[in-house]
Amino acid sequence: MKIKDTYLFGEVRNKKSWNAEELEDLGRKAKSRAAILKNVPREYILNVLAETGKIFKDKNSAFRKLALEHLRGAVSFSEPVIVETLNIIPEILSKKELSKRMNLELFLPYALETAVERRGYDGLIRAVPRGVALHIGAGNVFLGIIDSLILGMLTKNANIVKISSTGSNFANIFMQALRSCDKKGILSSSVAVINWKGGQSDLEETILKFTNTVFVWGGAGAVLSYRRIAPLGVNVMGFGPKTSMAIVYENEWKNEGYKGIAEKVAKDVCAWDQSACSSMHTLYFICPDKKQHKRIIEGFTREAEKAFSAYQKKLPQGGLSEDEKVEITKARQMAKVDKAFDNAEIKSSFPKTDWTIIYEKSPDYKISPLNRVMYFKIVSSLKEIKKSVKKYSGYIQTIGVGGHLCDRKEVVDAFYDLGIARVVKLGKMLEGVTGSPHDGIYPMMSLINWIGIEGKPSQLERISELIRFVKEKSPFYKKHLAAVGEIRTMEDFQKVPFLEKNHIYDNTPPDSSAMMTSKVHRGVYFASGGSTGSPKYIFYNSHEYDHTVRMLAYTMEAGGLNSDDVIANLFIAGNLWSSWLSVEKAIAYTKAISVPVGSSLPMENIVKYLEDFKVTAVIGLPSFLVRLAEFANENRKQFKLNIKKIFYGGEYVGDEMIKFFQKIFPGVEVKSAGFATADAGVVGFQCQKCSKGVHHLFDHSQYMEFVNPQTLKPVKAGEIGELVITSLTKRHMPIIRFRLGDLGRWILKPCECGRKELLFEVLGRSDDRIHVGGAHLFVSDIQNAVGKVKELSFNFQLMMEKKGYKDTLTVAVEVKNAKDLNKADKISQKLRKEIYSHCEDLRESIKMKWLDAPKIELLAPNFIERVLRTGKIKRVIDKRIKI
């Protein structure tokens, strides 16, 4: 494999000279490539770059061998330094690091894929590539220009790289390696790597006509030259030249010792032969006591000699030009003269040029001639350092600090106005942390334009865009919505087929990912299925999940939770159950204090926590909260609880249950913790004026419909129907027209709280609306009847069977106390009376002899089988249908 000096959109050749006409043709090609790149999926770009990184990790790969062979003669670094630098490439190109970098530098990287919401902004924002990025490389730098090119690729720009005519051709080798990984030929055909001798302003002016952003890596002269001739609208970003320094606090050198300090300093000075903008030039020790200065000079110089020699052995200095040797000799000679006047000390590798350490009594900042020449000074305070470096304002990039975090913060406050970009730990000056600014900015941001789509989109607009998105991105929805055209009206949307539970079971992990719009990345899985037993699995990416828990936090505060409250989370934790984790994260967004107890401990332990932490609010499943209240009532002499607020979720709570809670905890407010599903997220919230099943709709996140459960046609406003939900914010695993299985209706009046969000009422599960023997009754009616009998708990189950040709109904209920089973007949009679009172339809069916009187079974506490995963009771068992 031969090395050539030019790479043109996938083709390699040798070309050392260019004219204006040729560059115009190259510019037009770059513009045409830029139009294609805009629509390339981010995932594809990340995968190609990550695969390219793996090539340079493989020491036996042809491209790595070629690069090493070429760089030996093309750059001044020693071979061990070159090898060390090549080893960095797979690290910076790992998919994890690239994704992290985009998240930290672009803040909303998904905006490069589509217009997205931004919290607090009335509208959408879209990030678009600026078009063509021109990268101007310096002579001896081969990794820096590659990093610049990577930024251009991540932001979907077409890229032109102008390498120095005296530099290496590593960029060409890199692009050939990338081409071998780019199976679709998209990225590799959007990059040109060219060179011409500097100073040809006619060529520079020509290429700038086709450029949108310029990154100049090099001297101030080059930066000023491009800024002077750049057309209006072309961003010219200059990086360099910079210098960097270090400060060691008194406590640090006393505690760390000179040896530890010297080893870190050697690393910050010697890496890449001091050629980086972040390489240390001058080191300051802070020591107000002048009597100790001599000891510092001797101790540090002694250990620095060892540390610099060891570094030289591990990573030798590269070859030097005659001019560079002269500069080192000059620095050493000046130091010897100053020493004669008792103003300096010097230690070096003389007669070799490997390293040079110079102490100067003057605190004035000193620019190094590079190639491992460092200066150190001793001062009394930060104030003295600032006075000494002030004339280099705007040119100091990094300050390494030997000290603690509070010391680094102090350095920021002291030197921020000098234009510094980084404050790091000593020994880490050349180890950039992903997400840190470069020279005070995020360069990636300079490669994109932000476009605001102003005005809050209507629900119809969001639905229309969502349908278009899922048909393009999700294999399941592409098939499921194949007959669906553009959504222009709500009537169009009502023709979209419903999403059923079996669709979710069949098209989601672990067996399928067809419902997904992209690969799973940075998020969380939950199981959904409630009391039906067999779970289905739901995925939220991190952005969606954060949005969901913030909404959940809002529901709790809207329901009355405030800064005076201590709230105990009593949901079930683990087993992919969403409630406990989501509630805990949501509480962190409220003003309340959390006591994350859970519900797996013995009840006496739980109640003891509630007492010890003076808990004022609890949140959990109603069935568990009933057990808690019963226990508190039975042990009221032992435990003194101060429960003022109860938030519930996951099961229906009727009037009788609320009265029960208020009897045990006088004055307690009972509120829904939000109407939510694991599938679609938080749908509604209760304000302090709402009660029972009435909620406000989160209409910016959810679109709700009510349909007839039998005909699946829309019901009239205010009539009871089955809830159908579309999540407007859940895009990774979209939920569109999902039949929740709950019955409800719109409340056709404004809320007394004054909020504008629509009101709806949840009336129970649609499959909780039992049809038996001609009677139609709700499980909630049975619950209210059970609540009227003081000996009974709210743990009950309904069973329907066939006896000959007639339906039968059995109501099984757990008593609160097992001893009450001794008077089962009397309690059963009470319950039967209450059931008839609450269920008129049932009473009429029995009167008409369509149905026999329900069988009442009283059971011991905890006798009814619970769903193992959730702890819920399956309320309805229909044995009339044999499967």
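Buried here means under 20% relative accessible area, and that cut-off matters for Asp439, which counts as buried because its relative accessible area is 19%. You're looking at a predicted model, with a protein chain of 883 residues, 54% of them buried. Its secondary structure comes to 26 helices and 37 strands. Below is a quick tour, from the overall numbers down to a few single residues.

**The chain as a whole**

- Along the principal axes, the C-alpha atoms fill a box of roughly 115 × 70 × 50 Å.
- The accessible surface comes to about 40,100 Å², and carbon and sulfur atoms own 52% of that.
- If you count the contacts with a separation of 6 or more, 69% of them are between residues 24 or more positions apart.

**Helix H15 and what sits on it**

- H15 runs over residues 459–473, which makes 15 residues. From first C-alpha to last, H15 reaches 21 Å, close to the 21 Å expected at 1.5 Å a residue.
- Which residues of H15 are buried? They are Arg462, Ile463, Ser464, Leu466, Ile467, Phe469 and Val470.
- For background, an α-helix has 3.6 residues a turn, so residues three or four places apart point the same way.

- Thr517 sits in the loop between helix H18 (501–507) and strand E18 (523–528).
- Is Thr517 buried or exposed? Thr517 counts as buried, because its relative accessibility is 11%.
- Leaving aside residues up to four places away in sequence, Thr517 touches Phe469, Lys473, Ser474, Arg731, His732 and Pro734. One of these, Phe469, is also on the list of buried H15 residues.
- The Thr517 side chain has a polar atom 2.7 Å from the backbone oxygen of Arg731.

**Aromatic pairs**

- The structure holds 28 aromatic pairs.
- Take Phe285 and Phe300: their ring centres are 5.1 Å apart and their planes are at 70°, so this pair is edge-to-face. The cut-off behind that label is over 60 degrees between planes.
- Phe285 belongs to strand E11 (residues 280–286) and Phe300 to helix H11 (residues 293–314), so the pair ties together parts that are 15 residues apart in sequence.
- Phe285 counts as buried because its relative accessibility is 0%, and Phe300 is buried too, with a relative accessible area of 0%.
- Ring pairs also link Phe285 and Phe300 with Tyr359 and Phe376 into a cluster.

**Cysteines**

- How many disulfides does a search of the whole structure find? The search finds 0.
- Cys270 is in no disulfide, and the nearest cysteine sulfur, belonging to Cys277, is 18 Å away. With a relative accessibility of 0%, Cys270 counts as buried.
- Cys687 is in no disulfide either; here the nearest cysteine sulfur, that of Cys751, is 3.5 Å away. A disulfide calls for sulfur atoms within 2.5 Å, so that is the cut-off to hold against the Cys687 figure.
- Cys687 counts as buried as well, at 0% relative accessibility.

- Pro351 lies in the loop between strand E12 (344–348) and strand E13 (356–360).
- Another cis bond joins Pro509 and Pro510, with omega about 10°.
- Trp272 isn't a glycine, yet it has a positive phi of about 50°. Trp272 is placed in the loop between helix H10 (250–270) and E11, and it is partly exposed, with a relative accessible area of 22%.
- Asp439 isn't a glycine either and also has a positive phi of about 50°. The loop that holds Asp439 lies between strand E16 (422–425) and strand E17 (448–454).

Technical notes. Residues numbered from 1 in each chain as written. Predicted model: local features only at pLDDT ≥ 70, side-chain atom pairs only at ≥ 80, totals over all residues. Heavy atoms only, no water. Helix = DSSP H or I, 4+ residues; strand = E, 2+ residues; numbered from the N terminus. Buried < 20%, exposed > 50% of the residue type's maximum accessible area, 1.4 Å probe, protein only. Polar contact = N/O pair within 3.5 Å; in protein donor to acceptor, adjacent residues only side chain to side chain. Contact = heavy atoms within 4.5 Å. Expected span 1.5 Å × (residues − 1). Areas by Shrake-Rupley, 256 points an atom, 1.4 Å probe, with all protein chains shown as cover. Phe/Tyr/Trp six-rings, centres within 6.5 Å; stacked < 30°, edge-to-face > 60°.
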